[in-house]
Amino acid sequence: MEGNQVSLTRMMLNITNPSDQGISFARGEILTGTVQEIKNDGLLVMMLKGRLVKAASEVMVRPGQQLFLQVDDFRDGRTFLKVITPEHMKTLENMNIAANLQSMGITAQEDRVIMARKLLQHNLPVTPQNLNEMAKGIKLLGAANQRNLEVVAFALSRNLPINQQVLSALLQFTDAKTDLSRLFKMLNQSVEQISRLAADAPSSPVPPPSISLPWLGEETAANNVTVSNISALPGKEQGISRISQPISREALKYLDILRSLLEVLQVPADEKPAYVAAKIQSLLQSENELIRGLVILEEVLRNGDSKSQLSLLTELLGQVENLEKEISGQRLFNYISRLPDSNLNYFYFSFPVKLNDDYHLCQLRINREAGNKDLKNQEEIKLVVSLDTAKMGIVLFHVSWNRNKTLTLQGVVEAQAVMDYLSHNLDHLVTSLNQLGYKVTNLGIRLTQQGERLDNLKPQMQTIPMPFRPLSIDIKV
């Protein structure tokens, strides 16, 4: 049964002879209580201070409900507890944090209280050093909003460097509105616009300097597939300022480099399965070098002659930066997941799939066993893969792989017509997997359930609820 939320703000509990139940209270004391059971006589059983006690309530509550309570009064042998609203609890907690900051010799300004509160949410000690690191990170991100606070505290709690590159990458990557397929579409549009403008521009007799990225030309031995070779990118110290014409043919060389980087990052849907598998493997193994290439390209665009910075080039620079942050953020997240004490139990990868000159986001979420950071040593791997298609919406599969070459499949879609179509054709997939030597358990295709979303595989920066902490000072209202 749900309690009336307006009434809950005035709700009182009374406990008869609490000392007989092995528990004592002090006026003004704040504690949490969890409703365990509601008796037929209207009394409820609550867990308070580690003990089960019986209490009478003015309004209905539900089993499992957790309440913040304050000892309000003692009358006629009864202890009266007042329910505290979340807003009131936050005020009390802030008062407590401010008092503790002052006891440490730190001015309890509002921004300091907010940062201290965020540190506590991430189980970090409130120390001058941590507060300074929080302030530094917030300044780098530009504003003290909840999202920026969460990103900085997340980085601190994982012992990541508090610098512009790390924080910007995490901020970009955990933004639910961004994905690689959209970034690819925008980048390709910008590249084509600039190419058309530069088509008739005079060329410079001096070619830009170059360095080699040999990793991109290596052949994948297992599948005999060669990933496209990328020509060289100049370093800042090697004469970036040579790009001085508004949009010259020399600038086109850098657009060709960007095209090559984009080619490496995308997966063609119309190629043979062996090629696609090799391309995905190469892509996932090449993230570090791809990031390096994009960073150097950013320097090329950023440090050219200021007279050449047309609006299209400025827009292109922003898009390249966003792409680099997206890939860097993904790499950071997976690095954190591999740490021995990480509470993140999965790896996440995404890449754009090219089909009919359009890009569709493919996402891959691979669960790992607790305490085992190495997937190759797991007997069973559970993963989720999704593709955002043009006509069927998002199609998602839950897959359970076992080392004994057994697979369990469960598809999820958003529309009945799509479910019917895939259910009718799923046998083709099962047959192909059988031919590869797998024994497949096919759980079929189902529709999304109420509240279920298929577009939430990507990690997001969610505000961590602050656990109740006993106040170190008495606060009475």
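Which residue takes a positive phi in the hairpin of β12 and β13? The structure examined is a predicted model, in which local features need pLDDT of at least 70, side-chain atom pairs count only at pLDDT 80 or more, and totals for chains, interfaces and linings use all residues. Residues are numbered from 1 along each chain as its sequence is written, and side-chain values use heavy atoms, with hydrogens and water left out.

The residue in question is Gly393, with a phi near 75°, in a hairpin that has five residues between the strands. Helices (H or I, at least four residues) and strands (E, at least two) are DSSP runs, numbered from the N terminus. Two strands are said to pair if DSSP finds at least two bridges between them. Strand β12, residues 380-388, pairs with β13 in the antiparallel sense over nine bridges, and Ser386 stands opposite Leu396 in β13. On to the next strand, β13 also pairs with β14 (residues 406-413), again antiparallel, over seven bridges. Here Ser400 stands opposite Thr408 in β14. Three residues separate β13 and β14 in their hairpin, and Lys405 in the turn has a positive phi of about 65°.

Buried means under 20% relative accessible area, exposed over 50%, and partly exposed in between, with a 1.4 Å probe and protein chains only. Leu170 is in contact (heavy atoms within 4.5 Å) with Val151, Phe154, Ala155, Leu160 and Leu332, not counting residues up to four places away in sequence.

The side chains of Glu150 and His122 are joined by a polar contact of 2.7 Å. Such a contact is a pair of N or O atoms within 3.5 Å; within protein, one must be able to donate a hydrogen and the other to accept it, and residues adjacent in sequence count only if both atoms are side-chain atoms.

Thr448, in the segment after β15 (439-447), is partly exposed at 26% relative accessible area. Thr448 touches Val412, Val413, Glu414 and Leu454, not counting residues up to four places away in sequence.
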